[in-house]
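Hi,

Here is the model I promised to pass along.

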Amino acid sequence: MEIAGAVRSYITDELGVDVRAGDLDGDSPLLEGVLDSVTLFRLVSFLEEEFSVTIEDHELAPENFGSLNRIAEFVRSKRAG
């Protein structure tokens, strides 16, 4: 499964946020009402485990976690680097 799809599924199926998968496109803002600090922490743990990356505290920024596309690009860059 592609990264954005895996993240979308995790957000809608595992985090218990009040959003349907069909309502989340690649550019939907995640830090404005979808993810809070607790769900963001859980998402980071999922990404680290699922994609074998390490995410530093300073990387928890809107440019990396603002949307599904940004998360996918960030994870790809972490895996390549």
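Below is what I found in it.

First, the housekeeping: this is a predicted model, so local features need pLDDT of at least 70 and side-chain atom pairs count only at pLDDT 80 or more, while totals for chains, interfaces and linings use all residues. Residues are numbered from 1 along each chain as its sequence is written, and side-chain values use heavy atoms, with hydrogens and water left out.

On the fold, the chain has four helices and zero strands, with helices (H or I, at least four residues) and strands (E, at least two) taken as DSSP runs numbered from the N terminus. The C-alpha trace spans about 35 × 25 × 20 Å along its principal axes.

Of the 81 residues, 46% are buried (under 20% relative accessible area; exposed is over 50%, partly exposed in between; 1.4 Å probe, protein chains only).

Now the salt bridge, meaning a side-chain nitrogen of Lys or Arg within 4 Å of a carboxyl oxygen of Asp or Glu. The count comes to one: Glu59 with Lys78, closest N and O atoms 3.0 Å apart. Glu59 sits in the loop between helix H2 (37-51) and helix H3 (62-65) and Lys78 in helix H4 (residues 68-80), so the pair ties together parts 19 residues apart in sequence. Glu59 counts as buried at 13% relative accessibility, whereas Lys78, at 25%, counts as partly exposed.

Cheers
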